[in-house]
Amino acid sequence: MNAEIRPIRTPAEQALIAELGGLPAGTDRLADLRRAAARSFEENGLPHRRVEEWKYTDLRTLMREATPVAGTAAVAEADARARLLREVEARRIVVANGAVVPELSDLAGLEEGLTVTTLAAAIASGDEVLSRVGGILPGRYDAALALNTALARDGVVLTVAPGVTIERPIHVAHVFAGDAAAASYARSLVVVGAGAKLTYVESFEGPEAVAYQANAATEFVVGDEAHLDVVRLQEDGASAFHLATLLFDVGREAQVHAFTFGLGAGVARTSLYATLSGESSQVGFNGASLLKGRQHADSTLFVDHQVPGCESRELFKTVLDDSARGVFQGKIVVRQAAQKTDGRMMSRALVLGEDAEMDNKPELEIFADDVQCGHGATCGDIDEELLFYLRARGIPLKEAQSLLVQAFVGEAVETVEHEGLREALVERAEAWLKARG
Amino acid sequence: MPAVQETVDQVRSIDVDQYKYGFFTEIESEKAPKGLSEDTVRFISAKKEEPEWMLEWRLEAFRRWQTMREPDWARVSYPPIAYQELYYYSAPKRKEGPKSIDDIDPEILATYEKLGIPLRERDALLGIESGGAKVAVDAVFDSVSVATTFKEELAKAGVIFMPISEAIREYPELVRKYLGSVVPVTDNFFATLNSAVFSDGSFVYVPKGVRCPMELSTYFRINERNTGQFERTLIIADEGAYVSYLEGCTAPMRDENQLHAAVVELVALADAEIKYSTVQNWYPGDKDGKGGIFNFVTKRGDCRGDRSKISWTQVETGSAITWKYPSCILRGDNSQGEFYSIAISNGRQQVDSGTKMIHLGKNTSSRIISKGIAAGHSDNTYRGLVSAHRKATGARNFTNCDSLLIGDKCGAHTVPYIESKNSSAQFEHEATTSKISDDQLFYCRQRGLDPEEATALIVNGFVKDVLQQLPMEFAVEAQKLIAVSLEGSVG
């Protein structure tokens, strides 16, 4: 509040800036984007608690050192490590240490109207789809996204032609392989044409003991009347640092549902930016986090209603055990033109651990009058009466707690439309509870 | 949307220049030289015949202030304030101290009559005869308290109620012990400025086990042109005491912006209760947002003792800019904090207001009910913090913030921070934003109410929860104010 302090650069910032100095030359649009992102990082550095959007996740303090960009992963190791959601029938694409592994990816026999390529291949061939990378902007400086834009070399680039329904979900399995701390950057782009339909799944995992950093950003361009379901499962290793950015641009009368499920990483931050630029769309951004030990997970959401008649729903559930820390920051902006907006945002936290901490910041910023908007936030322990009810029926304490936690998280998980995925996620939640004992 | 169009037209047609309390009293006044320097601080301190420690306290605040930066995080925008162009002290000139009401400048009395304050004891005594409640008024006219009524009766109960400048001289021990203990000198830019240059304000001390025999009330009034008003209020309720304090304000219409940076400190010791109510209706500026009061207030209550309670109620209808967050520090075990607020903005007004409930003790509870109504081209923000410390087991909070938008040129924003650091804290927060429902309007109109009456009825219902918290003396005035401030847009 008082004097402006510009602290000296931290070792992590210095290392990152040095990394950014080695950007490849180039005169194309992507090279320009990278340089601009590098410049903005050099100028602004890592955010700290005085930066409102990072108030509860002080990256400057949390990211003590920046690890070097990860090298190519060994195929066998990547294959062995990519375990998540294998049971779900889907087209799998494995991204190890930020690079697509063709040997492990199912890129043959693509459905009519579906194109899948890699960012690296698109850059090499000068594919015109590149013009859409970096097309959705968060409207403010975001350190995680700037680093991703500057340093990502690969990722999945996927388009669905207008009117095409892709039945089989596409599963992009991100994995970290190796036993030295390193950073991986992956940038993906998903373009869903007008009236098309797609289910897109992302998963993240890696070794428990390696302090790696995973930075992933995905842009979703959703056409008019398109239908997109996104499911994201994050189970990075307990020592890992996970920075994620999801950017949505939603057209007219489209339907978008995203569910982010966070179980892993020592520190995780997921930023979701959604711009509703076509009228009468329906979006649902839901999520759940199950945290234990000293985990820190931050879900930050920014939904921008720019046009009339859209509906948005957000439901986030956080379960905190031990001395974990959960953060939810959600902001719904309703612009003056966005009359008849219907927005509802809810964040609920269940605090099991005595030393756990939950920080909620649901925000509304409204400039149109003919709207229905609301938000709610609760946090507290398990209801004693519910526990008593179950225990009176002979269910042991731990089991009763598990049942109630499952029901609590279930409300959010149930928003996932795909049955197989939903079941797989419920299983992950059960595994978490089981490990809790 | 014919209903919306109608309201827009109505809002446009409001003539804010009709500001009801916009008159200017011609009286001679004594000013400190323009601008702010150590000399100004010394001048004010000398004028107040303050002891050395008080001067040191002010100078320390002033030195600190010079190193501070004006905060910019609130959703308000205003031209930079030229602190060196303001007058920091202005006192109605007088030959000697006002010993009785007859000594008071008749013009000042006339001003108060226009405002409808029962300043004369006679008026209030009539109230007693008719069975009404008694109200003690410590009227603040610009920067000096000019009259204090009921002093004797309060003295009988042991209650000290006097201008703070007098209290510094008469009860230095008490003042020294509590002044700045809730809002430290270094708290924030505006509070530090206030600490350096505050001219006067009220001091209340309610001794152990005493229930203050009457509602205490102070009227603030900004009068002299270009005078910043820096009020300092300190209320202490000793163990088991109870006091209800009312504060209301109106100000004359002026072209230049007037700066107001008050500090209010409340201290509730064990089992004590303080109820602090405000009706604020300063000049909001004309229809283009010109003029109007800049209101940067730091209000904070400290529930220092176990089972203590502090309750804030505010009706904010005036000022061009309102920057105000009455807060409670719930330090004592089982202490309680409450915040009830109605904030109405119209024209070009900007309101950024809310509260902080800081739970430190065990089993503390707090309740926040905030109703914001935005009309015209105004911006109305609720900004609040609820936090539970690691050791604040059993903390409980319920928050409800509702916003109503009238017209499509205004904005309503909600920025709550909810921080829970232990598992037994139970926090609930809900917020809604909407316009007056067409169904409700239709229902009322179907029963023969005209649109203005119908809207007024609905708005009244919207703020009812808060109005009910106001003491009787204020409830009527507040209702009038709400009607006046939405005049033209709701009737």
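In the predicted model, about 3300 Å² of area is buried between chain B and chain A. Carbon and sulfur atoms give 47% of this buried area. The size of an interface is often given as the accessible area lost when the parts come together. On the side of chain B, B:Arg69, B:Tyr417 and B:Ser423 supply 17% of the area that this chain buries against chain A, more than any other three residues. In terms of residues, 42 from chain B and 40 from chain A take part in the contact.

Polar and charged groups also meet across the interface. Between chain B and chain A there are 15 residue pairs in polar contact, counting those in which both residues have pLDDT 80 or more. Strand 23 (411–420) and strand 24 (426–435) of chain B each supply at least two residues of the side that touches chain A. Sorted by class, that side of chain B has 15 nonpolar, 14 polar and 13 charged residues. Side chains of opposite charge can pair when their charged atoms come close. Four salt bridges are counted between chain B and chain A. A salt bridge joins A:Glu357 to B:Arg390, with 3.9 Å between the closest N and O atoms.

Within chain A, the UniProt record, an unreviewed entry, lists residues 180–408 as "domain: SUF system FeS cluster assembly SufBD core". Over these residues the chain is 59% strand and 9% helix.

Over all chains, the structure holds 48 salt bridges. One of these is formed by the side chains of A:Glu111 and A:Arg91, at an N to O distance of 3.0 Å. A:Arg91 is in strand 1 (residues 91–96) of chain A, while A:Glu111 lies in the loop between strand 2 (99–100) and strand 3 (114–118), so the pair ties together parts that are 20 residues apart in sequence.

In chain B, both ends of helix 10 were examined. At the start of this helix (residues 438–446), a side-chain oxygen of B:Ser437 comes to within 3.2 Å of the backbone nitrogen of B:Asp439. The helix is followed by B:Gly448, which has a positive phi, near 90 degrees.

Conventions:
Residues numbered from 1 in each chain as written. Chains lettered and ligands numbered in written order. Predicted model: local features only at pLDDT ≥ 70, side-chain atom pairs only at ≥ 80, totals over all residues. Heavy atoms only, no water. Contact = heavy atoms within 4.5 Å. Buried area = accessible area lost by both parts, 1.4 Å probe. Polar contact = N/O pair within 3.5 Å; in protein donor to acceptor, adjacent residues only side chain to side chain. Helix = DSSP H or I, 4+ residues; strand = E, 2+ residues; numbered from the N terminus. Nonpolar A, V, L, I, M, F, W, Y, C, P; charged D, E, K, R; others polar. UniProt positions renumbered as here; feature names shortened; annotations may be inferred.
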